[in-house]
Amino acid sequence: MPEGACAFGPFVVDRGTYTLTRDGRPVALTPKLLDLLLFLVERPATLVTKEELLDALWPDANVTDNALAQAVSELRQILGDDAASPTFIRTIPRRGYRFVAQVETRDRAPAQAASGSLRAIAGARETPSREAYRAFVEGSLRLETLDVREMAAARDDFGHAVALDPRYALAYTGLASVEFVLYEETRWQNEPARHVLDDALEHARHAVSLDAGLAEAHATLALLLVSARQTDEAVQAAQRAVELEPTNWRHLFRLAHASWGSARLDAAARVRSLYPELAFAHFQVAMAHVARGRLTSAESVLREGIAAQERSQGGGRYPAQGLHWLLGLVLLAQSRAEEALAVFDAGVRALEPHRLYGREFIVHTQLGRGMALLRLDRVDEATAAFTEAMAPDPTHAPSRLGMACCLRARGESSRADAELQAAEESLSVLARGRTTGAAQLRAEIAVARGRLDDAVGILGDMLSTAPPGFAGWTLAVDPFLRQLQSHQGFARVLEHLARRAA
């Protein structure tokens, strides 16, 4: 059917334009997944063997059945299909797959038919420009990789799309999403790229103004508002996206990200019901458990998430980069340093530095390793870990703090004080964009200097003035605050934190 399009359910897949749309809106697919969908849809109700699919999709390549099963699983996730009760793709055990939905063949309308409307080629209503739509699809494919090396080109693609059609709401949403990735890649640094976040917020708000019924625009705005610490508005934006598309797991994921406490757990449970293998949802749930002081529950959820990630061979399309890091902190907080170190080591091996949050969690995981090694009196190895943590950015304040702890353990007090002073000098920069992070660092430095009462006071003030949301959620597992565990005032701080997460 090369000259027409195939319609099934709310979807239309078109070999001629090489696109998939849902209710007239483009759906981003990798070329391999689009080829898989086309192969199945063009053979409705027919058993397609594994061998046929492997030969068609990976000709002359030594690819196992696991790669095919992973591709089918990812395609089902995009279509919102359920392997146990399939609407579109049914597995025929040990043999292959069958496309079970009713398929209609449609002639493709000529490009001129889009003239005078907002409906583009292949049914994308948002632009009458074929070139703008093509640029949008190219940008979407790059964005879906979550590979930070692709983001500059993706931003150019979306920028080209909006230059061609200034009323193209979906392209503005894509542009905001790319800028979200670019900003989040800097959030671990002393001074994140706030101007990039500001641009992203402007583009997301503009998308909403162009098309108030575009759920993806509201959901993207929610993500950005969380990064900007405007949590109340973030929740409202995410709720609007869910109202518009109640069964879209992406919008529910963003609602969980924007929410806190029981609201987060409820939204995350809905995400996991729609997308059980999404490892990042486990991270969201574990955050709330940690803030509540329920470390056993956090450990269980994190291990489930790591298992899900391993089943998808590294996390598939949406890896959760910080699962090992957080599990290591949870174990370390329970005085299980050997176990924690093994988990941190596994995390270093599992991290993908070029994907979103990869560099951040390389730094954080090395910090965790260093603190676990110090706990085990392996000071030389701890020094090496803190050196690794500092490598991407020698001015990174928590890394300098870690090195100070190591030097103190070596008995080099003057050098330790110099590192603490360097970390302290970063506070004015941190406070400009990350007030709660700056407060927590100030408390950690106070602990390192032996001023435990000051540290407790700083943390109490931080929680009292923080906006709604997950500010300070790591306090119960922060290894730099370990000396506060027997402090009565710190117990009250943790009780306050748990109430915020109720």
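Modeller: One term before we start: a residue counts as buried when its relative accessible area is under 20%. Also, please keep in mind that this is a predicted model.

Colleague: Thanks! So is A258 buried or exposed?
Modeller: A258 has a relative accessibility of 4%, so it counts as buried. A258 sits in helix α10.

Colleague: And what does A258 touch, leaving out residues up to four places away in sequence?
Modeller: Its contacts there are V226, A234 and V235. The C-alpha atom of A258 is also 9.3 Å from that of S227, although the two residues are 31 apart along the chain.

Colleague: Which residues of α9 and α10 meet each other?
Modeller: From α9, the residues are A234, V235, A238, Q239, A241 and V242. On the α10 side they meet H251, L252, R254, L255 and A258.

Colleague: At what angle do those two helices pack?
Modeller: Helix α9 (residues 231-244) and helix α10 (residues 249-258) pack at about 160°, and their axes are 9 Å apart. Angles over 145 degrees count as roughly antiparallel, so that is what α9 and α10 are to each other. Their crossing is left-handed.

Colleague: New topic: how many residues are in the largest nonpolar core?
Modeller: That core has 138 residues, and L326, L459 and W473 touch the most other members. Helix α6 (residues 169-184) gives the most to this core, with ten residues.

Colleague: What does L459 touch, not counting residues up to four places away in sequence?
Modeller: L459 touches Q440, A443, L475, L481, L484, F490 and V493. There is also a second, separate core of 31 residues, which includes C6, V41, L79 and F99.

Colleague: Okay, and where is H324 found?
Modeller: H324 is in helix α14. With a relative accessible area of 11%, H324 is buried. Setting aside neighbours within four places in sequence, H324 contacts I306, V343, F344, A346, G347 and A350.

Key
Residues numbered from 1 in each chain as written. Predicted model: local features only at pLDDT ≥ 70, side-chain atom pairs only at ≥ 80, totals over all residues. Heavy atoms only, no water. Core = buried A, V, L, I, M, F, W, Y, C linked by side-chain atoms within 4.5 Å. Buried < 20%, exposed > 50% of the residue type's maximum accessible area, 1.4 Å probe, protein only. Helix = DSSP H or I, 4+ residues; strand = E, 2+ residues; numbered from the N terminus. Contact = heavy atoms within 4.5 Å. Axes fitted to C-alpha atoms, helices over the stretch in contact; angles between N-to-C directions. Parallel < 35°, antiparallel > 145°, perpendicular 65-115°, else oblique. Left-handed = near helix turned anticlockwise from the far one by under 90°.
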